[in-house]
Every structure is written in C-alpha cells, then in structure tokens.
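Here is a short briefing on a protein model.

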Amino acid sequence: MLSQRQDEPLPWRQRLMLRLHLAYCTACTNVSRQFEALRRAMQRFRE
Amino acid sequence: MQGHVNPVAIEFETLATHRAYLLRVARLELRDEHLAEDCVSDVLTHAFERRETFRGDSSLRTWLTTILKNRCIDLLRKQWREQPLEPAPGEQEFDNLFDETGHYAEMPSHVRDPAELCQEEGFLAAVQHCIDRLPKRIGQVFVLREVFGSETKELCKDLGMTTSNVWVQLYRARMMLRSCLEKTGFGHARAG
C-alpha cells in the first residue's frame, strides 16, 4: 500500500486503514519516509 | 536553413547544452553507456529537425525530456523483445528483507527529514548506485515512473504490462532500493 499510493490515489477505505496502521507502526512509518526521500531524490535527476 | 523564418529559432548549440543532462537520464534508464550516447544523439538530431514544432509552452528541457522518454520506450520495447527475461537475481535478496512472519527482518531506519536528505549529494550518489544494482527491467520501469513521471496507465500501455504487474515491479524496486540504501544512503540520517 505504501508503494501503491505513490502511483495511484488509494481508495478511501485503504487510505484510512493505512493511516490507522501508521499511527502505531514505527517500521512502516520509517519506510514511508524513506519512500518519500527516494521520490524526492529521483526528481532531482531531472534538474 | 539560414533563410528559414522561424519565430522560435533554436540553434543546435542551444539544444546541445542539455546534452549532459539527457545523457545522465538516458544512462539511468537504459543502463548502457553506448546505447545512451546514441540515443541522446538521436534525440538532439530529432529535436533539431523538428524545432518548428516546439511551441515554447513548455521549457526546452521538458520538450527534450519527452522526446528522450519516447525514444527510450522504443529502445526498451526492442530490448525486452530480443532479450529473454533475465532470471531475477534480486529474488533471494528480496526475500531476505522479511522474516518468516512477513515482518521486516531489520527495523527500517528513521529518516528525519526527507526534504533535507534528498538535497545531499552523497544520498543522490547512493541512490544512483543502488538503481544501477536493481534487476535491469525493474530499474527501467522504476526510472520511467520516477524520473520521466510516467503514470501507471502509460507504463501499462507503453510496456505491454498489466496494472498489477506494474505495481509489483515498482513495489519491488522501492523495497530493494530502500534495502540497498539502508547500507549506505540512509545510514547517516539514523537517529542518535
């Protein structure tokens, strides 16, 4: 889901589930931030 | 050529100033030095021949990037057709990311500030290094998505893949990259 939401808007139900999960899961929260850093880094190749 | 009246007169030299940029992106996408160089030469020649079609409503670089993207897709299609699917060397590595209960084998490290981290040259170099180590096709799909900005639908159409296959490939790319970056790129961002 963390990966998929970078490619498509998630259905609201999944979005809610993910938010709930991220509220207590440190591992997934960290991965989510890593994905964010990765995406931003990839955009820098276009500079 | 000299007498041609053109409101958007583009000199070849102007196009060529974007060569280094195009080459960097082409290398990342095609994973082949010579192929990337040929491809960029094609792109610049093609752009010069069709410079009248450049309307100036996007930047020159954006226009060139679109031409490069289309050229890369043609080359990928050809490559994928001619080369049998590689035995995914990343499989084992991928499985090792999770323990037998399906949880992360190691706690993913904390990134304090993604916006700050991505500005660091060291991180960018680590990302590039890790992309080059991805299984070829997975890396190619990922670069099309993240650097060229292709949407899932375009990837399906351009590469003849199903939606779920595109998602799986992108998911694998991101997971393998984050695992690779754990070893180098995210390291210095660790808390404490």
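**Chain contacts and core**

In this predicted model, 20 residues of chain A are in contact with 27 residues of chain B (contact: C-beta atoms, placed from the backbone, within 7 Å). The chain A side of this pairing has 8 nonpolar, 4 polar and 8 charged residues (nonpolar: Ala, Val, Leu, Ile, Met, Phe, Trp, Tyr, Cys and Pro; charged: Asp, Glu, Lys and Arg; polar: the others, Gly among them).

**Chain B fold**
- Chain B has 10 helices and 0 strands (DSSP runs, numbered from the N terminus: helices H or I of at least four residues, strands E of at least two).
- Of its 192 residues, 33% are buried (20 or more other C-beta atoms within 10 Å of the residue's own, C-beta atoms being placed from the backbone).
- Among chain B contacts with a separation of 6 or more, 70% join residues 24 or more positions apart.

**Largest nonpolar core**
- The largest nonpolar core has 49 residues (buried Ala, Val, Leu, Ile, Met, Phe, Trp, Tyr and Cys joined through C-beta atoms within 7 Å).
- B:A26, B:C39, B:V127, B:V141, B:A173 and B:L177 touch the most other members.
- Elements that each supply at least two residues include α2 (26-44) of chain A and α10 (163-183) of chain B.
- α10(B) gives the most to this core, with 8 residues.
- Domain 1 (12-82) and domain 2 (90-189) of chain B each provide at least three core residues (bounds from an automatic or database domain assignment).
- B:A173 touches B:L134, B:I138, B:G139, B:V141 and B:F142, leaving out residues up to four places away in sequence.

**Conventions**
- Residues are numbered from 1 along each chain as its sequence is written, chains are lettered from A and ligands numbered from 1 in the order in which they are written.
- Local features need pLDDT of at least 70, and side-chain atom pairs count only at pLDDT 80 or more, while totals for chains, interfaces and linings use all residues.

Terms used:
Buried ≥ 20, exposed ≤ 12 C-beta atoms within 10 Å, placed from the backbone. Contact = placed C-beta atoms within 7 Å.
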